[in-house]
Each structure stands twice: as C-alpha cells, then as structure tokens.
Amino acid sequence: MRKPIIAGNWKMNKSVAESISLAKELKENLRNVEGREVVVCPPFTSLFPVAEELRGTKITLGAQNLFAAESGAYTGEISPSMLKEIGVLYCIIGHSERRRYFKEDNSLVNQKAKFALNLEMKPIICIGETLEQREKNLTFSVIKQQISGVLDGLSTSELANIVIAYEPIWAIGTGKTATPEQAEEVHSFIRKEVFALYEEEMASSLRIQYGGSVKPGNVASLMQKEDIDGALVGGAALSADSFSKIVQY
Ligand code: PGA
C-alpha cells in the first residue's frame, strides 16, 4: 500500500510572519489527520521558523530547491546539509519553474537528487510536458527521457526514498487541471518506465504525485485513480482552509 503524500509548494510567497501563521493554522486543522503524509515547502527564509512551529506535529518540512555540493564558493546557494540541520526532510527538485527560469535540466536534477539522497533527504522530483509537446503527441517520449535522465545511476534502495511529481506544465497555475484520466494515463506510463529500469516491487511502491491546479474540488477524483498517490499543490497551498481540505479529500 502506498501512503498518499500531499505537499504544499509555497513558491516565493509568504513573509516569515505569514508563514508562521499558516503553519499554526495547518497544525490546528490537521491535528487528527491519519493515513496521509503531509509536507509543506515554505521559502528558505521561513524554513527555520516553520520547523520550530511544526516541531512535534505530523506535518513534515520540505525545501523548494538545493545545490548539489556540500559547501563552498557557490554564492546564493543552499546545501542539503544546511537544510538537513534545520529539520528539512523533503526537497522539491527540478520544478518546471526552475527548469524554465534557471535552466535546470535532467542531468542537474539527477545530481541534486543524488546529493539529497546521500544526506538521507527525500527528493520530490518534478517532471512534465509543455502544452506544445502534448499537442505534438510528444508527452510519452518527453516523460520517458525525463525519467531515465533524473533517475540515472540511482540504486534500488535510493528509489525507495524518492517521490516523483508529474506536473504537466500547461496545468501549473493556469486553473486547467489534467483530467483524472489524462493524469492516470501518464502516471501508469511513469510506473511502467520505472519498472523497466528497476524491479517491479520498487516500481509498485514508488509514490507518484500529480501537480497542476489541484484544488479542494478536484483532488478526490484525481486521488481515486490507481497510480495517483498524492498531490503537489501550489496556489491552493497558500491558504490553510484550502490546503487542509485537499489533505482531507
Ligand atoms: P499550482 O502549482 O497548484 O498553483 O498549479 C503546482 C506546482 O507548481 O507545484
């Protein structure tokens, strides 16, 4: 059985004070949640105060990015061990916004995932096609290439600590969600690809989140699908009310 994992990606939103107040509300709303893993990914400046606020709760902390080195002359970057030190367990890696604005590619995403895994942090690795690629019927070839690139050289035991987030780029922040059928089609394809690279048992325990305009009103129908094991939520994760509803779909 795969435990559903719902993660909130706050992106570049929320001051420290706003982050603490959102974390307080989530702590209260989600006090009795069972059978779900809940992750929040605030901006870097809020990670430490949110970690303090969530201490002792079942809500886990994630970062939105990291750099593939232990330490050194990398102005402006954050290392996995710095994140680990303040209690960050998950890290979103290779989000489409990082691929687009900061030119991250599958090989860099792969290096970052390896660094995170070495420090026992769990990468949430994002993949997904653009609208143009979908319209040209390239979705499956793009996903196949992304899967083999981001997982390159990762061992079977490392795979156990990875979450894949399928985020069709045309659905992110646009209000256009993939239908449950469109999402499931790609999720089951991803699982088959992972099965081709690893053992069946590993592929069947891999958690694959859907991301792209997930809201309280559409999460349940997505989560009903066989291969959809969670959600990576952007806009709707910025309010305690909507994120709590999504978690408790
Ligand atoms: P959205 O963002 O829910 O606002 O579409 C999802 C994401 O980018 O992870």
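1. Helix α7, residues 139–150, lies across β5 (122–127) and β6 (163–166), and its direction is about 155 degrees to that of β5. Contact here means heavy atoms within 4.5 Å. Axes are lines fitted to C-alpha atoms, for helices over the stretch in contact, and angles run from 0 to 180 degrees between N-to-C directions. Helices (H or I, at least four residues) and strands (E, at least two) are DSSP runs, numbered from the N terminus.

2. On the source: this is a predicted model, in which local features need pLDDT of at least 70 and side-chain atom pairs count only at pLDDT 80 or more, while totals for chains, interfaces and linings use all residues. Residues are numbered from 1 along each chain as its sequence is written, and side-chain values use heavy atoms, with hydrogens and water left out.

3. The barrel is closed by 8 strands in the order β1-β2-β3-β4-β5-β6-β7-β8, with parallel pairing. Two strands pair if DSSP finds at least two bridges between them. From one strand to the next, the twist averages 25 degrees. Between β1 and β8, which run parallel, there are 4 bridges. G8 has V233 in β8 as its bridge partner.

4. Around the ligand there are 13 residues, of which K11, H95, E167, G173 and S213 come nearest. A residue is near a molecule or strand if one of its heavy atoms lies within 4 Å of it. The side chain of H95 has an N or O atom 2.7 Å from an oxygen atom of the ligand. For G173, a backbone N or O atom lies 2.6 Å from a ligand oxygen atom. For S213, the distance from a backbone N or O atom to an oxygen atom of the ligand is 2.7 Å.

5. K11, listed among the nearest residues to the ligand, also has a backbone feature to check: its phi is positive, about 50 degrees, although K11 is not a glycine. Most residues other than glycine have a negative phi. K11 sits in the loop between β1 (5–9) and α1 (16–29). With a relative accessible area of 21%, K11 is partly exposed. The classes are buried under 20% relative accessible area, exposed over 50%, and partly exposed in between (1.4 Å probe, protein chains only).

6. K103 is another non-glycine residue with a positive phi, in this case about 55 degrees. Its place is in the loop between α4 (96–101) and α5 (106–118). K103 is exposed, at a relative accessible area of 67%.

7. The structure holds 17 salt bridges, each a side-chain nitrogen of Lys or Arg within 4 Å of a carboxyl oxygen of Asp or Glu. One of them joins R2 to D229, with the closest N and O atoms 2.8 Å apart. This pair links distant parts of the chain, 227 residues apart: R2 is in the segment before β1, and D229 is in the loop between α11 (219–223) and β8 (230–233). D229 is buried, with 6% relative accessible area.

8. E104 forms a salt bridge with R98, the closest N and O atoms being 2.7 Å apart. E104 counts as buried, at 6% relative accessibility. The side chain of E104 also meets that of K112 in a salt bridge, at 2.7 Å from N to O. E104 and K112 are both buried.

Conventions: A polar contact is a pair of N or O atoms within 3.5 Å; within protein, one must be able to donate a hydrogen and the other to accept it, and residues adjacent in sequence count only if both atoms are side-chain atoms.
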